[in-house]
Amino acid sequence: MIPSLYARKGPGLSLAPLAGQASAETVVIGAGLTGISTALHLAEAGKDVVVLDTHEPGWGASGRNGGQVNPGLKMPPEQVLKDFGPTIGARLVDKAWNAPDLVFDLIARHSIDCDAARGGTIRAATASSQLDALRELTRQCENYSGPATWLTAADMMQRTGASVYAGGMIDARGGQIDPLAYTRGLAKAAISAGARIHDQSRVRSVVRRGTGWAVSTDRGEVVAQSVVMATNGYSGRLLDKMRRSIIPLFSAIVATEPLPEALRGKILAQREVVYELGEITTYYRVDAQGRFLMGGRSASHALHGPDAFPYLKARALKLWPELKTIQWTSGWNGQLAMTLDHYPHYHEPARGLMACLGYNGRGVAMATLMGQNIADVLQGGEPLFPAQPIKPVPLHFGWKAGVLAGIARGRLKDRFGL
């Protein structure tokens, strides 16, 4: 497991690699939130499901993200309605903006110990030039999706303890969790419901066999009627066209030792979570133990340790100079999947083969929701997102250079308020 703060809290699940021949109704490839949520909801419906993962549940972004449970999609509600039409769009707005309900309901129903808190999600304006768009988003959320409250600069100062914000919006449906504990908790619930989860089981091939599929690993094979690809930012060459349809951005997080009581009472005392607006955003929260966690973009390769991400530490110190006496104890990064249109992509490339990926930084709530939806589709329901052809990103081979240039350009725009 990647040396994140979350991984230090306890051992993983006692699982075993796939060995020998097996059969199932559905094979899920990937034990992140999309895959585990799919398996849980299928198993609870009495379906026979096997999950295969190269590493273990929560190894990827699902278990090492910022722990924010944010409502909604990247695009505002009226843009969603425009892009998908009044019927599908309205359903998407309702489901996506209320997706945190599903997360916290699952936590309660399965008694998952993951430091869950529902203090709301704050979108923070770092410049006055962002206020008009944020006010418009607040209006749209109030009209189409539910509760949203405008925060003045004084309100932001009171909640965050930082004086840099021009304003903000809080959505009370948001919250925070320990994402690795949450993913493992869902996996335990899926196993209890009858799902079979195998770690250390890299899938080497997925081939048509009769009316179904044969999914092979180094040590075993599962034959099933349907296959769900749930690999998101870690999609590989197993379905290479899909790998090239997303940009695997790297995001990093640094964490402190538990803050003293004075700072805990100043920074997000109500356990809110924040993500800043702008081209290159940072996001942060204070966890159940009082540790401060800040996340944002990182170099496009694996790094760990608190000193590996000086930009994030510098940002935190700019917001709260008092943190200069606080020790940073952890730092890690990982890949998330971005799509060019900023929507999750749902695919059905062949009969009985489906995939969903590209949560654009909103994976905790949306991946949980999409796993539930995929399970529903496998039982005859309708997909939330219409199935679309897999379209590789042009010049995908140069994605690292493109991301580096985009970060530099975005930071310049943020610096000068453009």
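Rings of Phe, Tyr and Trp pair if their centres lie within 6.5 Å. By that rule this predicted model holds eight aromatic pairs. Two of them are set out here.

| Pair | Centre distance | Plane angle | Class |
|---|---|---|---|
| Tryptophan 59 and tyrosine 234 | 5.2 Å | 70° | edge-to-face |
| Phenylalanine 292 and tryptophan 328 | 6.3 Å | 75° | edge-to-face |

Take tryptophan 59 and tyrosine 234. Tryptophan 59 sits in the loop between β2 (49-52) and α2 (61-64), and tyrosine 234 in the loop between β11 (220-229) and α9 (240-243), so their pair links parts 175 residues apart in sequence. Tyrosine 234 is partly exposed, with a relative accessible area of 29%. Tryptophan 59 has a charged neighbour too: arginine 64 lies over its face, at 4.5 Å from the ring centre.

The other pair joins two strands. Phenylalanine 292 belongs to strand β15 (residues 291-297) and tryptophan 328 to strand β16 (residues 328-338), so parts 36 residues apart in sequence are tied together. Phenylalanine 292 is buried at 0% relative accessibility. Tryptophan 328 is buried as well, at 11%.

Now the cysteines. Cysteine 114 is buried at 2% relative accessibility, and cysteine 141 is buried at 0%. The whole structure has zero disulfides.

Last, a pocket. The second largest pocket has a volume of about 340 Å³. Its lining comprises 19 residues, with Asp113, Ala181, Arg184, Gly185 and Lys188 nearest the centre. Eight lining residues are nonpolar, five polar and six charged.

Definitions and conventions:
Residues are numbered from 1 along each chain as its sequence is written. This is a predicted model: local features need pLDDT of at least 70, side-chain atom pairs count only at pLDDT 80 or more; totals for chains, interfaces and linings use all residues. Side-chain values use heavy atoms; hydrogens and water are left out. A disulfide is a pair of cysteine sulfur atoms within 2.5 Å. Buried means under 20% relative accessible area, exposed over 50%, partly exposed in between (1.4 Å probe, protein chains only). On a 1 Å grid over the protein atoms alone, a cavity is a set of points where a 1.4 Å probe fits but cannot get out, and a pocket is an open set with protein on both sides within 12 Å along at least five of seven lines; lining residues have an atom within 4 Å of a point. Grid points are joined across faces, edges and corners, and a volume is the space filled by probe spheres set on the points. Ala, Val, Leu, Ile, Met, Phe, Trp, Tyr, Cys and Pro count as nonpolar, Asp, Glu, Lys and Arg as charged, and the others, Gly among them, as polar. Rings of Phe, Tyr and Trp (its six-membered ring) pair if their centres lie within 6.5 Å; planes under 30 degrees apart count as stacked, over 60 as edge-to-face and the rest as tilted. Helices (H or I, at least four residues) and strands (E, at least two) are DSSP runs, numbered from the N terminus. A charge sits over a ring if NZ of Lys or CZ of Arg is within 6 Å of the ring centre and within 35 degrees of the ring normal.
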